[in-house]
Amino acid sequence: MNATREPTPTPVTTPVTSGTHAPTALPTAAPAPTTREILNRVLDDCERTLPDNLRLSRRLWPNLPAAVVLAPADLARVVGDTVRQAIDALSDGGEIIVMAHPTEVRTGAGTGLAPGRYLLITVQSSALAFAFPPEPPLTVPASVHLAWRAARDGRDAGVCLQVQVA
């Protein structure tokens with residue numbers, strides 16, 4: 001009988017290197033979403049749950065800051081909560097308008113804000129006598145300045161959120 005033998009495998013060894021070589025590059029993390037991307041995602045989510053008698057309009061200026069001092073998740077939560085409370089307050093229907101634009105606060109402006117650059121996000125309604133329900137209250141992080149926006153004729157009232165630009 002002629003028997004054949006499998007060849008014996010030879011181990012492959014990798015030479016040990018000293019610590020002088022650069023480490024293998026780790027994959028880079030995805031870039032943080034921009035302020036515009038965050039706002040559009042939140043407003044898209046809110047639009048999906050709008051009742052038929054409400055319309056949501058957005059007016060986002062083209063020169064929005066890329067980032068603010070508020071974490072992206074907190075910015076999304078605060079804007080989403082504000083829009084959802086406006087939706088709840090307008091049970092009779094109407095239009096909710098979300099505007100966002102950069103603004104600058106200078107010394108002596110009387111706003112209670114430190115001088116600097118801010119993102120101003122306004123959530124308002126075209127309906128008469130727009131008012132947020134008293135419960136649950138709108139809670140915002142300490143880094144967000146909250147102001148109520150009233151109008152003389154009862155139209156276009158709403159909430160302004162001011163967040164410092166990073």
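What is the mean pLDDT of the protein chain, and what share of its residues reach 70 or more?

**Figure 1. Confidence along the predicted model.** Welcome to this structure, which is a predicted model. The protein chain has a mean pLDDT of 79, with 70% of its residues at 70 or more. Among the elements of the chain, helix α1 (residues 35-48) has the highest mean pLDDT, 96. At the other end is strand β4 (residues 144-149), whose mean of 75 is the lowest among the elements.

Figure 2. Start by finding strand β2 (residues 94-105), where Glu95 sits. Is Glu95 buried or exposed? Its relative accessibility is 12%, so Glu95 counts as buried, the cut-off for buried being under 20%. The side chain of Glu95 makes a polar contact of 2.3 Å with the side chain of Ser57, and another polar contact, of 3.0 Å, links the side chains of Glu95 and Arg55. Leaving aside residues up to four places away in sequence, Glu95 touches both Arg55 and Ser57, along with Leu90, Gln124, Ser125 and Ser126.

**Figure 3. A close-up of Val83 and its surroundings.** With a relative accessibility of 0%, Val83 counts as buried. Which residues does Val83 touch, not counting those up to four places away in sequence? They are Leu43, Cys46, Leu56, Ile96, Val98 and Val123.

**Figure 4. Val83 and Val159 in one view.** Follow the chain from Val83 to Val159 and you cover 76 residues.

Terms used. Residues numbered from 1 in each chain as written. Predicted model: local features only at pLDDT ≥ 70, side-chain atom pairs only at ≥ 80, totals over all residues. Heavy atoms only, no water. Helix = DSSP H or I, 4+ residues; strand = E, 2+ residues; numbered from the N terminus. Buried < 20%, exposed > 50% of the residue type's maximum accessible area, 1.4 Å probe, protein only. Polar contact = N/O pair within 3.5 Å; in protein donor to acceptor, adjacent residues only side chain to side chain. Contact = heavy atoms within 4.5 Å. pLDDT = per-residue confidence, 0-100.
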